[in-house]
Amino acid sequence: MLGENKIREIAHQVLGFSKAHQTEVIVHVTDSALTRFANSSIHQNVAESDTQVRVRVVYGKKIGVASSNDLSPEALQRTVETARAIAQAQSEDPEFDSLPTPQPIRRVEAFSEATAGFSPEQRAQVVSVLCKQARARNVIAAGAFSTTVSEIAVANSLGLFAYHAGTYADINTVMMTDTSSGYASFTHQDARAVNAEALANEAIDKALRSRNPTTIAPGEYTVLLEEYAVFDMLNFFAMLSFTAQAMQEERSFMKGKLGERVMDARVTIWDDGCTPEAIPLPFDFEGVPRQKVMFVENGIARGVVYDTATARREGKTSTGHSLPAPNTMGPYAMHVLMAPGDTPKSEMLKTIERGIWVTRFWYTRPVHPMKVLVTGMTRDGTFLIENGEVTQPLKNLRFTTSYLDAFNHVRAISRETRLFYNDWGGASRVAPAMVVDGFRFTGATQ
Amino acid sequence: MKDIATRALNLAQMRGATYADIRVVARDTQRLAVKNGKVEVIQQDETQGFGVRVIVNGAWGFAASSRVEMRQVEEVVARAVAIAKASALVKTHDVHLGDPISIKESYTTPIKINPFTVPLSTKIDLLLRADEAMRRVPGVKVTRAEMAFVREDKLLASTEDSLINQEIIESGCGIVALATDWNTGEVQVRSYPNSVGRHQQTRGYEFILEQKLVENAPRVAEEAVALLTADQCPSYDATTLILDSSQLALQIHESCGHPIELDRVLGSEAAYAGTSFLTPEKLGRFRYGSEVVNIVADATVPGGLGTFGFDDEGVPAQRTDIVRNGIFVGYLTSRETAQQLGLGQSNGAMRADGWARPPIIRMTNINLLPGTWDVNDLIADTDDGIWMETNRSWSIDDKRLNFQFGTEIAWEIKKGKKTRLLKNATYTGITPEFWRSCDAVCNEKSWIVWGTPNCGKGQPPQVAHTGHGAAPARFRNVRVGVIK
C-alpha cells in the first residue's frame with residue numbers, strides 16, 4: 001500500500017512531465033493474496049503487489065494513452081512521452097470536449113485494517129476449518145480464499161484529484177462426493193467476518209443431499225434460483241442492457257422503453273457506488289463521482305449508466321460510470337443491487353408445486369443480446385421440487401432462456417440478499433433469491 | 001536481471017527452500033481500434049515484475065512484485081517462503097517435481113516484420129480502410145477494426161541451475177460488422193478472420209498483411225446485413241453438421257483442450273473451472289472420437305499462440321499425442337502432476353499469465369490433424385445438413401461433457417450444395433458422442449492454426465493465449481437449433 005500522499009506525489013510528478021493541453025493520470029495499487037485448496041489441502045498460495053500508472057494526454061482533440069508499472073521518474077516520463085507520440089498519430093475525436101473538472105467526491109469508508117494485515121497463517125487457519133469439516137463428513141474440499149487491498153486515484157491537469165482505498169475478502173468452496181457437489185461463497189470488506197464453519201456446512205449439506213442424482217426431461221419449469229444464480233443474471237443485465245452505449249447501438253432492450261414496464265412489478269434494480277452494502281468505489285476512472293442510477297423501479301425502466309463520451313452524445317452529464325480510457329466497452333455498472341422481496345427464503349420452496357431448485361449457474365454466455373437470451377449449466381446442487389419439498393437431486397441441466405423473460409415471470413423474491421464479487425469484471429453485486437416461472441431447460445449432462 | 005535472479009534463489013535456499021525459481025517478465029502490449037470511422041483506441045501498455053516460486057516444508061509458496069529492484073527481492077522471497085510454510089499447515093502430501101531440469105538456452109519467436117517498428121500511422125490507415133469498406137454497405141449499424149501486438153521478454157532461473165531467456169512476439173487483427181433491425185429486435189454480427197475481436201499468431205506484422213482485412217470487409221458487412229432477414233436456423237434432433245475451421249478450433253479448445261489438463265483431472269480446479277470426464281483410468285483405452293480424429297498438443301508448430309521454446313517451468317516445447325485414431329492417449333502435464341500420475345517427465349504445458357501469477361497447466365497448440373477431404377468434395381458429398389461458421393457463443397459444463405455453441409452464420413446444405421442462409425444457429429451435444437460422430441476431416445489445404453487470445457482459468461484469474469490447428473470437419477446426428 002502506498003497511501004494517499006505518495007500516490008498524490010506520483011500523480012503530480014506525471015502531470016508535471018506532460019506538456020499536453022490536458023493530462024489525466026490514474027494510479028491503481030493492488031496488494032492481494034489468495035490461498036487455493038483442493039483435495040482438502042492447500043495446493044496454491046500466492047501474493048502479488050503492483051502499481052499501475054495510466055496516462056491520458058490531450059492535444060486539442062487528439063488523445064493518447066499509455067501505461068506502465070515502473071514508478072521510476074525516467075519510466076514515468078517515458079510513459080508520458082509514449083502517450084504524446086500516440087496522440088500525435090491519432091486523428092481528432094470530434095466528440096471530445098474536455099476532461100472532467102473537479103467535483104466534490106464523497107468519502108466512503110471501505111478499508112479494513114484487519115483485511116489488509118491478514119496473514120498467510122490466518123488464511124490457512126480458515127481453510128483448515130473447511131478441510132477438517134470436509135474430512136469429518138467424508139467429502140472433499142476445494143476452494144479459494146483471497147484478501148485484497150486496493151487504492152485508486154484519478155488526477156488531471158484541471159485540478160481534479162480523487163482517491164479511494166478499500167479492502168475485501170472473498171471465499172468460495174465446493175464440497176464434493178463421488179457423485180455430487182455443493183457450493184457456498186462469502187464476500188465482505190472485513191476478512192474476520194468469514195464464518196468458515198457455516199460456509200463448510202452450507203456446501204457439505206448440499207453435496208450430501210445431491211448424491212446419486214437422477215435425470216429429468218428438459219422443458220419449462222418453475223425454478224427456485226438461489227442468490228448465486230441471480231448474481232449471474234444481474235451480471236448479464238449490467239453488461240448487455242443497463243449501459244448507454246448498448247442503448248445507443250440498439251443492442252439493449254432498454255432502448256425506447258424508459259418509463260415503461262419491462263419487468264415484474266416487484267423487481268427494483270439500481271447501481272450505487274457509494275453504498276457499504278457493496279464493495280464501494282465512489283468515483284469512476286475519469287474521477288467523476290458515481291451517482292446512484294435506478295435501472296428498473298417496481299418493474300418500470302428508469303435509466304442506464306453513462307460515461308462522459310456517451311453522455312455527451314445525448315446532451316447529458318456522466319453518471320460516473322466510466323472505465324479507464326481508452327474504453328471501447330462504454331460505461332459499466334460496477335455496483336448493481338437488487339431490492340429484496342417480502343418472502344423469507346425458507347418459505348419460497350412452499351410456493352412450488354413442481355419445479356427445480358438451482359444453486360448456481362456455470363459457464364453462462366449470451367446468445368442474443370437484445371433478448372438477454374443466455375445459455376449455461378446448473379452446478380453444485382440441482383434438485384427436483386414436488387409439492388413444496390425437495391424430493392430428489394438432479395443431474396446438471398443446460399438452459400437456454402431469456403433472463404428478461406425470467407424477470408417478467410417472478411413468483412417470489414427473498415427477504416435475504418447476499419453480496420458477491422466478480423473476479424473478472426472487478427464488480428460487486430447484491431442479489432436476493434427468486435422463484436421464477438417458465439424457465440427453459442434445453443438439455444442435461446451425464 | 002541475472003543478478004536479481006541469483007540473489008533471489010540464494011535467499012530462498014537460505015530460508016529453507018528445497019526448490020525455487022524466479023521469472024522476471026517484461027510485457028509490452030499495443031492495441032489499436034477503429035470504430036465507425038473513428039480511431040477509438042491507440043494504447044501502449046508496459047508491465048514488468050518478477051515472481052518467486054518456492055517449495056518449503058514440501059509445499060508451494062509464490063510471491064510477486066512489480067518493483068524489479070535488488071532491495072525488493074528480499075521482501076518477496078521472505079513472503080513466498082512464509083506463504084509456503086502456511087501452505088504446509090494444510091497439506092496431504094509433499095510436492096515432488098521428478099528429475100531436476102537444468103537448461104541454459106534462449107528462444108525468440110521467428111518473425112519477418114517486427115510489429116513494434118511498423119509506424120502507428122500505417123496500422124491506423126489499414127484499419128480505417130477496412131472500417132470504411134464495411135461502412136459503405138447500407139444497413140450496417142456498427143463497424144470495428146482492431147489490431148493487437150504483444151512482446152514478452154522473460155527470464156527463468158531455478159535452483160536446478162536452469163537459466164532461460166525467451167522473447168515471444170504476437171500479432172493479431174480482426175474486423176466486425178454489426179447490423180440491427182429495431183422493428184424486429186434483431187441483432188446480427190459478422191467477424192473476420194475470427195470472432196471475439198481478432199485472430200492472432202506468434203508472428204510479425206506479415207501476419208496482419210496476409211489477412212487482407214480491406215479485401216474481406218465488404219463481404220463481412222454484407223453478410224451481417226443479410227442475416228437480419230435470413231431464415232431462423234431450424235431445430236433438428238439429429239442432422240449432419242459441417243463446422244468451418246475457426247468454429248472447430250473453439251470446439252477443440254473447449255471439449256478437448258480443457259479436459260486434458262491434468263490439474264483439472266486431479267481436482268486442482270474443482271472449485272472454479274471444474275474437473276474432467278477424462279479420468280486417469282481412461283488413458284490409453286477410452287474411445288474419445290472416431291478413427292479419423294487425431295489430436296496433438298504441439299508447442300512447436302510455427303505461428304501457434306501456444307508456440308514457445310520452453311514452458312514456464314523450463315521444460316522444452318514438444319509435440320504430444322492426445323487422441324490417436326480416436327483413442328485418448330495423452331494429457332497436458334506439469335512436472336508435479338506428471339509425477340503424481342507416474343507419467344515420467346512433464347510434456348511442458350506450464351504457462352503463467354505475466355510476472356504476477358504462478359504457472360498453471362495451460363493449453364499449448366491443441367491441433368486436430370488434417371484429414372483427407374477437399375472441402376468442396378465434403379460439401380458435395382453431403383446430401384442434407386448445415387454448415388456453421390465463426391463462433392458467436394459458447395458454453396460447456398464443468399466436466400467438459402455437455403456443450404452448446406452458437407455461430408454467427410450458417411447455410412443449409414441440400415444435395416451437395418450450400419443453399420439457404422440461416423441465422424441464430426446453435427448446436428449442442430455430449431463431447432465423446434460428438435467426436436465419435438465425426439466422419440470426415442478436411443485436408444491441409446484448409447488447415448489453419450487459429451489463435452485464442454482470451455482463455456480464462458485459475459484463481460486468481462489468468463488469461464492464456466492458445467493455438468488450435470483445424471480444418472473443416474463433418475459430424476453426423478447432431479442436435480441443432482434450440483433458440484425459440
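**Figure 1. The largest nonpolar core of the predicted model.** In this predicted model, the largest nonpolar core comprises 302 residues. Val52(B) and Val54(B) have the most contacts inside this core.

**Figure 2. The contact region between chain A and chain B.** On the chain A side, 74 residues are in contact with 66 residues of chain B. Strand β2 of chain A, residues 41–59, gives the most to the side of chain A that touches chain B, contributing 11 residues. By class, that side of chain A consists of 28 nonpolar, 32 polar and 14 charged residues.

**Figure 3. Strand pairing between chain A and chain B.** Strand β3 of chain A (residues 62–68) pairs with strand β2 of chain B (residues 38–56). The two strands run in the parallel sense and are joined over three bridges. Ser67(A) has Asp45(B) as its bridge partner in β2(B). Strands of a sheet pair through backbone hydrogen bonds, in either a parallel or an antiparallel arrangement.

**Figure 4. The two domains of chain A and their contact region.** The domain assignment divides chain A into domain 1 (4–207) and domain 2 (213–444). Taken over C-alpha atoms, the centres of these two domains of chain A are separated by 23 Å. In domain 1 of chain A, 29 residues are in contact with 29 residues of domain 2 of chain A. The elements of chain A that give two or more residues to the domain 1 side are β2, β4 (140–156), β5 (161–176) and β6 (181–188). Of these, β5(A) gives the most, with six residues. The side of domain 1 of chain A that touches domain 2 has 13 nonpolar, nine polar and seven charged residues.

Figure 5. Asp298(B) stands opposite Arg319(B) in β12(B).

Figure 6. Strand β24 of chain B spans residues 473–480, and six of its eight residues are buried, so the strand is largely enclosed by the rest of the structure. Strand β10 of chain B (residues 236–243) runs antiparallel to β24(B) and is joined to it by five bridges. In this pairing, Thr239(B) stands opposite Val478(B). Strand β20 of chain B (residues 425–430) also runs antiparallel to β24(B), with two bridges joining them. Here Thr428(B) stands opposite Arg479(B). Strand β21 of chain B (residues 438–441) pairs with β24(B) in the antiparallel sense over three bridges. Val441(B) stands opposite Ala473(B) in β24(B).

How values were computed
Residues numbered from 1 in each chain as written. Chains lettered and ligands numbered in written order. Predicted model: local features only at pLDDT ≥ 70, side-chain atom pairs only at ≥ 80, totals over all residues. Contact = placed C-beta atoms within 7 Å. Helix = DSSP H or I, 4+ residues; strand = E, 2+ residues; numbered from the N terminus. Nonpolar A, V, L, I, M, F, W, Y, C, P; charged D, E, K, R; others polar. Pairing = 2+ DSSP bridges. Core = buried A, V, L, I, M, F, W, Y, C linked by C-beta atoms within 7 Å. Buried ≥ 20, exposed ≤ 12 C-beta atoms within 10 Å, placed from the backbone. Domains from an automatic or database assignment.
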